[in-house]
Amino acid sequence: MAATKKKAVRQAKKGERIRQVAAIPFRLNPRGGIEVMLVTSRTTRRFIVPKGWPMKGKSGRKAATIEALEEAGVLGKTLKQPAGTYSYWKRLANRFVRVDVIVFLLEVTEELADWQEAKRRQRAWLAPAEAAMLIDEPDLSTLVNTLALPKPAPLEQA
């Protein structure tokens, strides 16, 4: 068990809320519409987004990028500003704890055929509305369903 997960479990035992980071991998389809990638969880096989514990010495954005590579086998550019947050109840050995998740958008540039958790997870590209219907966590479902990419900054006039 990673040190950050042990710390999170200790916090949870004290009744403190704990945090995770997540990535929503996305791409634009040929018509310019957004598609998001969901992955199945290892144990319940429900559709989720890649997420994990904060990593010592790494920003939330960097940790979310690493989780997307490990869990979904995707590389790309993670946007600087979080896309939002959601909360869910995580099952521990003998209790449930509330977890707050900071979510970052990851613009996928490469999808690997083989990756760290390929044998333990499935992945799927879906329109946000379709993805939202498959997600059990209500807050995450709403975030995915209302997903909007940030507008590019206007170019300065010379």
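## Terms and model

Contact means heavy atoms within 4.5 Å. Helices (H or I, at least four residues) and strands (E, at least two) are DSSP runs, numbered from the N terminus. This is a predicted model, in which local features need pLDDT of at least 70, side-chain atom pairs count only at pLDDT 80 or more, and totals for chains, interfaces and linings use all residues. Residues are numbered from 1 along each chain as its sequence is written, and side-chain values use heavy atoms, with hydrogens and water left out.

## Helix H4

Four residues of H4 are listed as buried (under 20% relative accessible area, with exposed over 50% and partly exposed in between; 1.4 Å probe, protein chains only): Leu140, Ser141, Leu143 and Val144. They sit on the same side of H4, because they cover an arc of only 165° around the axis. That arc is taken from the directions from the helix axis to the C-beta atoms. The buried residues of H4 pack against E1, E2, E6, E7 and helix H3 (128-134).

## Nonpolar cores

A nonpolar core is a set of buried Ala, Val, Leu, Ile, Met, Phe, Trp, Tyr and Cys residues joined through side-chain atoms within 4.5 Å. The largest one here has 25 residues. Ile24 and Val36 have the most contacts inside it. Strand E1 (18-28), E2, strand E6 (84-91), strand E7 (96-111) and helix H4 (138-145) each give two or more residues to this core. E7 supplies the largest share, five residues.

Isoleucine 24 touches Val36, Val49, Val103, Phe104, Leu105, Leu106, Leu143, Val144 and Leu147, leaving aside neighbours within four places in sequence. Another core lies apart, with 14 residues, among them Ala63, Ala64, Ala72 and Trp125.

Threonine 40 belongs to strand E2 (residues 34-40). It is buried, at a relative accessible area of 1%. A polar atom of its side chain lies 2.9 Å from the backbone nitrogen of glutamine 122. Beyond four places in sequence, threonine 40 touches Arg45, Arg46, Phe47, Ile48, Arg120, Arg121 and Gln122.

Arginine 45 is in the loop between E2 and strand E3 (47-48). Its relative accessible area is 38%, so arginine 45 is partly exposed. Its phi is near 65°, a positive value in a residue other than glycine. Most residues other than glycine have a negative phi.

## Aspartate 100

Aspartate 100 is placed in strand E7. It counts as buried because its relative accessibility is 17%. Not counting residues up to four places away in sequence, aspartate 100 touches Arg17, Ile18, Arg19, Gln20, Tyr86 and Ser87.

How values were computed
Polar contact = N/O pair within 3.5 Å; in protein donor to acceptor, adjacent residues only side chain to side chain.
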